[in-house]
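Please examine the sequence and the structure shown below. The report that follows treats a loop residue, a sheet with its helices, and a metal site.

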Amino acid sequence: MSITREQIRELASFEDAKSGAVSFYFQPSTPRNKAHREDTILIKDLAREALRRLESQVSEGKSKKESVRADVERVVRLSGELRSNGTHAKAVFACAAENVWHEYDLPATLPGTQLFVGRHFHLKPMAHLLGAYPRVGIVLVDRHRARVFELRLGELTEREGLFQPLSRKGRSDGYAGYDGGHAQRRVDDEALHHFKAVSQVLKDSLEKGVFEKWILGCQDAHRSQLEQQLHPYVSQALLGRFAADVAHITNEQIRIHAEQIVERWQSERRQWLASEAVSRARSQSRGVTGLRRVLRSLELGEVQTLLIGENFQAHAVECSGCGHLDAHLVSFCPVCGRATQEVVDVSEAILPWVIRRDIEMFFVKEDSEFDKIGNIAALLRFRSDSPAQVDVAVAAQLGRAGAAYPGRLRKFASR
Ligand SMILES: [Zn+2]
């Protein structure tokens, strides 16, 4: 079962006061001999290490230890079933004391196999998936056939019933005879008609939101014929193409081609968004850079897209009362005056905010420009220090969500 954004949001809101929330990520090693054995050994090592740390915490209660131990042992048992075929990663979120056990399949693009125990579920590896995966349709066509697949978080499924059963008449074996010319024209007409129908189905699917983006698989000879029929709107949503023979390609080959195309597109998009945020911040329009300014924009509800350097590490403090995050390591919250706690990895602390507010988020891989501006940046929906740009609907929504906008937070933000 692959995960939805809604489920990620639920996981983000889970909290176990006894700090017995277990998060396990399995990233299969690249296929080679004995890989599976190595995966199993690694998982056992991680489990042993987690249990050792648990035992060393003398202050922890017995019930918490039992809960964590039960979950970790169950993870180890599960590792026997994890197939190391390189196609899927897996995430498990568990808290036996609260009767929670969730397993999800993920694309095999996790940073590694990891095990965490804490107050909240550890969601940073998951954050790579937020905003990064559009609903992608894959369309395979030739002159008289079309098949449509859907790619979601590494999972490929065929969508049936989008096309009327197509006429088998006029296939190439039909016209080799005496009336070659006439039959050829009929075949061409049928092909044109078919490509038009495919392009119409694509347009409908995009408009209805069945897909947000799509990928074309066909033989080179058919490519321009189909592409001539595409509505401009459909052409714009095309992420890429690969050569495919509808009748012979396997699902696994389709998935690999499609994932490569999606990955390339994502990395280009990440780069574009990062440079866009930097240039907008420079021109004082809807972009900000640097931890202090990004935190302020997050709290003001301005952020649309958040970009964080993959290896970004920064300390901050979090208010135990109102949840305010501050880049200055102050002992008392400037918003409500309560005591603050230090957070070692601010990007982990930001995550629940990002998930709850449905903010698109990307991790940026080594990028020297991005490094210079502090490895964190955001594109904004609006900018509250230029009131003319405030979107009334967004402000009203923030009001309903209980955000003190633009009063209290505004004051501290501009200090
Ligand atoms: Zn506070």
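Leaving aside neighbours within four places in sequence, Pro134 is in contact (heavy atoms within 4.5 Å) with Leu151, Glu212, Lys213 and Trp265. The model is predicted, so local features need pLDDT of at least 70 and side-chain atom pairs count only at pLDDT 80 or more, while totals for chains, interfaces and linings use all residues. Residues are numbered from 1 along each chain as its sequence is written, and side-chain values use heavy atoms, with hydrogens and water left out.

Pro134 lies in the loop between helix H4 (124–127) and strand E5 (136–141); helices (H or I, at least four residues) and strands (E, at least two) are DSSP runs, numbered from the N terminus. The C-alpha atoms of Pro134 and Leu151 are separated by 9.0 Å, and the two residues are 17 residues apart along the chain.

**The sheet and its helices**

Five strands form an open sheet with mixed pairing, in the order E7-E6-E5-E8-E9; two strands pair if DSSP finds at least two bridges between them. Strand E7 (155–159) and strand E9 (238–243) each have a single partner strand, so one side of each is left without a neighbour in the sheet. Within the sheet, E5 and strand E8 (residues 213–218) run parallel and are joined by six bridges. Leu140 stands opposite Gly217 in E8.

Helix H8 packs on the sheet, touching E5, strand E6 (146–152), E7, E8 and E9, and its direction makes about 140 degrees with that of E9. Such angles run from 0 to 180 degrees between N-to-C directions, and axes are lines fitted to C-alpha atoms, for helices over the stretch in contact. The 32 residues of H8 (residues 251–282) should span 46 Å at 1.5 Å a residue, which agrees with the 46 Å between its end C-alpha atoms; the expected span is 1.5 Å times one less than the number of residues.

**The zinc site**

The zinc ion is coordinated by Cys319 (SG), Cys322 (SG), Cys333 (SG) and Cys336 (SG), at 2.2 to 2.3 Å. Donors are N, O and S atoms within 2.8 Å of the metal (3.2 Å for Na, K and Ca); water is not among the atoms, so sites may look incomplete. The angles of 98 to 121 degrees make the arrangement tetrahedral, a term that requires all angles of four donors to lie between 85 and 135 degrees.

| Residue | Relative accessibility | Class |
|---|---|---|
| Pro134 | 10% | buried |
| Cys322 | 42% | partly exposed |
| Cys333 | 4% | buried |

Note on methods
Buried < 20%, exposed > 50% of the residue type's maximum accessible area, 1.4 Å probe, protein only. Tetrahedral: all angles 85-135°; square planar, octahedral: opposite > 155°, others 65-115°.
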